[in-house]
Amino acid sequence: QVQLVESGGDLVQAGGSLRLTCAASGRRFSINNMGWYRQAPGAQRELVATITKSGSTNYADSVQGRFTISRDNAKNTVYLQMDSLKPEDTAVYYCNVDVVEFDYWRAMNYWGKGTLVTVSA
């Protein structure tokens, strides 16, 4: 099984920046796609950004140009640099990964527990 630990959520003023980190750990696994999703109060969870193992990225229109997703394959870690934050970016941000677990030869998808980002006006 793979564990995901997110960090970096905080309270920030509009226009500010935050960097989220998600580190994966476990036995004998390889990560394919990694991504960040978010869920605002009363709303459905939505995609923020994804990144493939080779580094191809995809962003929601609402964050394009303001957020940057990156990863360090050697550290099994994915980052989300968030700049020019807006109050509407307030949400719990969740890390999501697609992995292959070699002990079981299975493909799995895992979610982190989330980290809260609050942007004040």
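Q: Which residue in β8 is the bridge partner of T68?
A: In this predicted model, T68 has Q81 in β8 as its bridge partner.

Q: What makes β7 and β8 a pair of strands?
A: Two strands pair if at least two bridges are found between them. β7 and strand β8 (residues 77-82) have 6 bridges, in the antiparallel sense, so they count as paired.

Q: Why are β1 and β7 said to stand at the edges?
A: The open sheet has 4 strands in the order β1-β3-β8-β7, with antiparallel pairing. β1 (2-7) and β7 (67-72) each have a single partner strand, so one side of each lacks a neighbour in the sheet.

Q: Why is W111 called partly exposed?
A: Buried means under 20% and exposed means over 50%. W111 has a relative accessible area of 39%, so it falls in between.

Q: What makes W105 exposed?
A: The relative accessibility of W105 is 68%, and the cut-off for exposed is over 50%, so the term applies.

Q: How do you know that the charged end of R45 sits over the ring of Y94?
A: The charge must be within 6 Å of the ring centre and within 35 degrees of the ring normal. The charged end of R45 lies 3.7 Å from the centre of the Y94 ring and is listed as sitting over it.

Methods:
Residues numbered from 1 in each chain as written. Predicted model: local features only at pLDDT ≥ 70, side-chain atom pairs only at ≥ 80, totals over all residues. Heavy atoms only, no water. Buried < 20%, exposed > 50% of the residue type's maximum accessible area, 1.4 Å probe, protein only. Helix = DSSP H or I, 4+ residues; strand = E, 2+ residues; numbered from the N terminus.
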